[in-house]
Amino acid sequence: MANEAAAHDHHDDHKPAFWTRWLCSTNHKDIGTLYLATSMIAAIVGGLMSWYLRLELAEPGIQFIDDFQFYNVLVTAHGFVMVFFVVMPAMIGGFGNWFVPLMIGAPDMAFPRMNNISFWLLAAGLILLIMSALIGDGPGTGWTVYPPLSSSDFHPGPSVDFGILALHVAGASSILGAINLIVTIFNMRAPGMTIHRMPLFVWAILITAILLLLALPVLAGALTMLLTDRNFGTAFFNPAEGGDPILWQHLFWFFGHPEVYIIILPAFGIISQVISTFSRKPIFGYLGMAYAMSAIGVVGFVVWAHHMYTVGLSVDTRAYFTAATMVIAVPTGIKIFSWLATMWGGSIKLEVPMLYALAFIFLFVVGGVTGITLANASADLVMHDTYYVVAHFHYVMGLAAILGMFSGFYYWIGKMSGRQYPQALSKLQFWVFIIGVNILFFPQHFSGLAGMPRRIPDYPDAYAGWNYLSSVGALITAVGTILFFVVLWKTLRSGEKVADNQWGEGATTLEWTVASPAPFHTFEDSPDMTGKAPAE
Amino acid sequence: MLKRLFALIPAGVLGLFASVANADTVMRSKPWQLWLQDPKSPSAEAVYDLNVYLLVIEVVIVLFVLALMCYILLRFNEKANPVPSKTTHNTLLEVVWTAVPILILVVIAVPSLKALYLADHTTDAEMTLKVTGNQWYWSYTYPDHDEIEFDSIIIEEEDLKEGQPRLLSVDNPVYLPVGTNVRLLLSSNDVIHNWAVPSLAIKLDTMPGRTNETWVSINEPGDYYGMCSELCGVNHGFMPIHIKALPKEEFAKWVAKAKVEFASNDNAPKSTTVRLAKADVATR
């Protein structure tokens, strides 16, 4: 539509040989594919860990894990792997790399070779993280690595240091990736595509990249302080020598809270594209949507201490963080209602990506309202550190992010591979997965309300019922996950060839104007977007 | 008010939502429990009411969004509505869905902050209890009762007696009088722990190098259970909290007995000579 010439530019489809192509790649699509593959491998690792945890928790008493340090190591590694090596690589490295240049009509990322080093640093980080769990006793600190538990007094041996290095390396990877995305989005948009005409997915990635750039250096600083505390005799976090363990928590959560938006904002972007496409309507309130995401990003930096309500903050401080945290519900509400308004009056087609988008909206609302409860420092007197919190963040951050990734996968796999997913099997996968995760996580609200603490390998017998149900849900989710890999296999092996714009008139963004699969090089001549409506 | 609303629900249904209260109050969760443990202190009552109030608001929001989604899918699917509209703006609607959530949040914030300030600390404490977290047990000190001091350690599964709940029972429960404003001072000897009793709405970190303060006034005699609520290492799941709340006169009897019982405790008085002298008297 926008650029017929670039769409069929096959003579530029020359690919380098295998090793050069995949190890030394500077092509945004290949690097995106590498990120997606890494994310899937990490998802299997992180998923196996959580299934093992759920097997242990299926009944009261000790089933499989009689080494409780190992239990804590699994809890820690599951969190790290899912946050840093599943969601972030898939969303930002994978879909961001693949589709930001395609959506803004750019030939590639601004810094293709930096793109390569971002990916390989991530791979190194994943290896370091897995090593940290296998060396010595492993880090049994939780993903929040609170000192003094993470100090050398209570975690001697090299495993926590390996974990710190893993995060340093993964953090450097993300910072480089973020710089690359920001520069690409600011400088390489097609002529006429103003900031206010970018697709919302590009907006989401831009805001995410800015959050990464601001938040990750704080984590890097805190990790360095912890590393020197552990190895070089400093005492930033050691109260016996005048340090303060709460300082760590402030630094960690100043990074950690924006991090949860880093995880969910790209999903917001994907859902916006999918809802608009399958309602055959432009997005409702485009500017409101873009600036709601910006507002979430800004407010996300001033609410961090709601993770720390029980550390002994003064009551006025907790009152402030209660109020500030609840404010986030406002832009989030704008997004939910704008998605509903986009569908209102539309001509909705329930393709698999749309099913995932609808599930995303509903589950995000469920997780969002429990977030309103948890925003209250007073309610936190009974909720903090219970399974209610576990249920909450698995709904808003785990599930919503995974549903966003599935939605994006089904939406774009035709563009990425040139092949269509098998319809019936994909719908089955959707239903099995959705039923599984709800049976898995919903009962955790109840065990949390009843008072069950997180991160314990055994629990009082009263919690047996909900935990058993939860473990049954984990098994169903496992089946849903295996089905996904079957879908992936069948799509790549024997999927039907798809048209350049497989979704028809609802899909208006630039990636649908190039061939499917997208040629190795696209948009070597910029498409002219002057005067075109917002590409939403 | 909301608790009265709940009272209208038949008792059998309510039983599912709350733990059973009987003559000997035992506050811990029960199988398939769906809602919070019954509140047994002024702060816990405030927090409980707030949570009921929040639940009502949140259920309404979720059902509203669900109903909208169902209507949209029925009314605007491609069969029912083959030609999509092109509407992308409606200023009034956008103002409404920004303003209404703000109002809801204000309505939530008022009782929430009231409960927060109520639960924070007491200005007229009648006694003080010091709680110290250790890997992996609690130490309790009664500075107003001749510094009675003892450790409270989990009872292993094979040593449990009839009626003692698994993973919640300790060798020495902490005794407190009912209807008394108790100042709680919390600290830790090693890593961060968290002293939490759900039915009393207490949840505060014990932080090495700091003393955190909160308070409790227990409404009725009984057994109140809780668990460490901050990951503190290998045996984090195995340092329960057991409060035995007694009427004031029985508490006084316990104090007299405890002064003798814990006088020669290895963990007791490590420093001041005054306390050692008193302990000597007590032993004689």
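Predicted model: local features only at pLDDT ≥ 70, side-chain atom pairs only at ≥ 80, totals over all residues.
C232(B) is buried, at 0% relative accessibility. The cysteine sulfur closest to that of C232(B) belongs to C228(B), 3.9 Å away. A disulfide requires the two sulfur atoms to be within 2.5 Å, so the separation between C232(B) and C228(B) is too far for a bond. Elsewhere in chain B, C70(B) is partly exposed, its relative accessible area being 42%. Over all chains, the count of disulfides is zero.

Rolling a probe the size of a water molecule over the atoms shows where empty space is left. Six cavities of 30 Å³ or more are present in the structure. The largest cavity holds about 150 Å³ of space. Its lining consists of 17 residues, and those nearest the centre are Y35(A), I92(A), G93(A), S174(A) and G177(A). Three helices of chain A, α4 (68-104), α5 (112-134) and α6 (159-187), each provide at least two lining residues of the largest cavity. Of the elements that contribute, α6(A) gives the most, with six residues. By class, this lining has nine nonpolar residues, eight polar and no charged.

The second largest cavity has a volume of about 100 Å³. It is lined by 17 residues, and closest to its centre are G451(A) and Y463(A) from chain A together with P198(B), G226(B) and M227(B) from chain B. Strand β10 of chain B (residues 222-227) supplies the largest share of this lining, three residues. The lining of the second largest cavity comprises nine nonpolar, six polar and two charged residues, whereas that of the largest cavity has no charged residues.

Terms used:
Residues numbered from 1 in each chain as written. Chains lettered and ligands numbered in written order. Heavy atoms only, no water. Buried < 20%, exposed > 50% of the residue type's maximum accessible area, 1.4 Å probe, protein only. 1 Å grid on protein atoms, 1.4 Å probe; cavity = no way out; pocket = protein on both sides within 12 Å on 5 of 7 lines; lining within 4 Å. Points joined across faces, edges and corners; volume = space filled by probe spheres on them. Helix = DSSP H or I, 4+ residues; strand = E, 2+ residues; numbered from the N terminus. Nonpolar A, V, L, I, M, F, W, Y, C, P; charged D, E, K, R; others polar.
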